[in-house]
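This report describes selected helices, contacts and backbone features of one protein model. The structure is shown first, and the description follows.

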Amino acid sequence: MVIDGRGGFTPDEVAVMVVVVSPGLRALRGQRGVAQAQVVQAGILPNPQLGYSVDRPHGSYDPAVVEAKALGLSWEVTSLLTHRDQVAAANAEARSVDLSIAWQEWQTAQDARLRAFRILSLEKRLSLARSIEGAAADTLALTRKAVSLGLRTSGDLVLFAEAWTQAQGTCSDLEQQLSSERALLALALGMGPSDRISLKRPDAAPGAAEVPDAGTLLQGLEDRRLDLVALRYGYESQQDSLRAAVLAQFPKIGLSLNKTNDTTPIYTRGVGVTVDLPLFDRNQGQVAIAKATRQRLFDEYVARVAEARSQVAQVVDGLRIVRAQLGAVEASLPELTRVVSSSEVALRSRNADELAYRDALAVLAIRQIEQNLLQQQALELEVALEIATGRPSLNRNPSPGSL
């Protein structure tokens, strides 16, 4: 993806930028270095031990007496038994950490993309709300004039004043939401709270409007969701750790080579073997910990898969409902547009008053706000579906006029 920033950034471009520059993700990626260091550590065998001692005679002088010396080299050979499993466990854990980080990057990118779409949607809704607020203010002014002329009652004045107050409150709420979304997006990009990033709507046309089938989306879910794959690697790592812990129950054996001489002097060379007697510590604690951890990871994986499948089904149902509501709202817009056009023509020919025309405009703007809000809800559900399924949806970008 080429990001030049001319004319602003699309939500997809913002998502990529956040993954690259996010301070939180940069700190999270430090876990990858730790995991790779653990792989290196797991592949290192224990060092051999070299011992040397000297005993000097003292007290009485005897020319035949010499210094007694001992030189020995020893190494624990049983470390080879667990070496392969420890390296395999570290490699699987490193892959698990890498996929967990990628899953966090995926979620962060989707969150930033969603915030960008929210900002675009809020900006459009705020524009419509301000037009409603302006129309309500004009209607209130006209009503005051009509009341003074005796053409309207004070009850009408109170009604229109309340409508203007509600329109002002709506604008205020939207401004607060817009400010909050902009601050959160700036934080994700590592910018200051007051900094703003220019956004633009994507140029891509919308994809298929029909709701995807849940059964199709669930196929291969366990292989697409990075968190589920990471859990499988974690389970594999723990399986190797358990095998290493079981093998570590074998008594430790050390081999040594030595060369010594006493004070007579008599020189000797020999081989030594040391074996741990597993009377108390048979590594049973580490085996129990490894078994419990493996079972925990298995249970967590099963629970996470069930949760993911349930999320997909819920989001698909919610998306179907919202799109049905959106279709009903969009179907009513042409008729409301015709009413506004007719009212405008009637106003110009003085066959209708200005209040009726402004009421028609307000009704159209309210329905357009409702349409925009439903579009935003559908988009959020699509993003939630991408997160739940671990893959981009077919409707990757909404049309330029849909937000």
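## Basis of the description

The model is predicted: local features need pLDDT of at least 70 and side-chain atom pairs count only at pLDDT 80 or more, while totals for chains, interfaces and linings use all residues. Residues are numbered from 1 along each chain as its sequence is written, and side-chain values use heavy atoms, with hydrogens and water left out.

Helices (H or I, at least four residues) and strands (E, at least two) are DSSP runs, numbered from the N terminus.

## Helix α4

Helix α4 covers residues 79–148. Its 70 residues should span 104 Å at 1.5 Å a residue, the expected span being 1.5 Å times one less than the number of residues. The end C-alpha atoms of α4 are 99 Å apart, in agreement with that expectation. After α4 comes Gly150, with a positive phi near 80 degrees.

Apart from residues up to four places away in sequence, Glu105 touches Val19, Leu25 and Arg29, where contact means heavy atoms within 4.5 Å. Thr139, also found in α4, is buried at 5% relative accessibility. With neighbours within four places in sequence left aside, Thr139 is in contact with Phe160, Leu355 and Arg358.

## Helix α1

Helix α1 (residues 11–21) is mostly covered, with eight of its eleven residues buried. The buried residues are Pro11, Asp12, Glu13, Val14, Ala15, Met17, Val18 and Val19. They pack against α2 (23–28), α4 and α5 (154–188).

## The α8 and α9 pair

Two packed helices are described by the angle between their axes and the distance between the axes. The axes of α8 and α9 come within 9 Å and cross at roughly 165 degrees. This makes α8 roughly antiparallel to α9. Angles under 35 degrees count as roughly parallel, over 145 as roughly antiparallel, 65 to 115 as roughly perpendicular and the rest as oblique. Axes are lines fitted to C-alpha atoms, for helices over the stretch in contact, and angles run from 0 to 180 degrees between N-to-C directions. Among the residues that meet across the two helices are Leu228, Leu231 and Tyr235 in α8, and Ala290, Leu297 and Phe298 in α9.

The structure holds one aromatic pair. Tyr235 and Phe298 form this pair, which is tilted, at 6.2 Å centre to centre and 50 degrees between the planes. Rings of Phe, Tyr and Trp (its six-membered ring) pair if their centres lie within 6.5 Å; planes under 30 degrees apart count as stacked, over 60 as edge-to-face and the rest as tilted. The pair links distant parts of the chain, since Tyr235 in α8 (residues 226–247) and Phe298 in α9 (residues 284–348) are 63 residues apart. Tyr235 is partly exposed at 30% relative accessible area, and Phe298 is partly exposed at 40%.

Most residues other than glycine have a negative phi. Asn283 has a positive phi, near 60 degrees. Asn283 lies in the loop between β4 (267–275) and α9, and is buried with a relative accessible area of 17%.

Arg224 lies in helix α7 (residues 221–224). Leaving out residues up to four places away in sequence, Arg224 touches Leu217, Gln219, Thr389, Gly390 and Arg391. Arg224 and Phe160 are 64 residues apart in sequence and 55 Å apart in space, C-alpha to C-alpha.

Notes:
Buried < 20%, exposed > 50% of the residue type's maximum accessible area, 1.4 Å probe, protein only.
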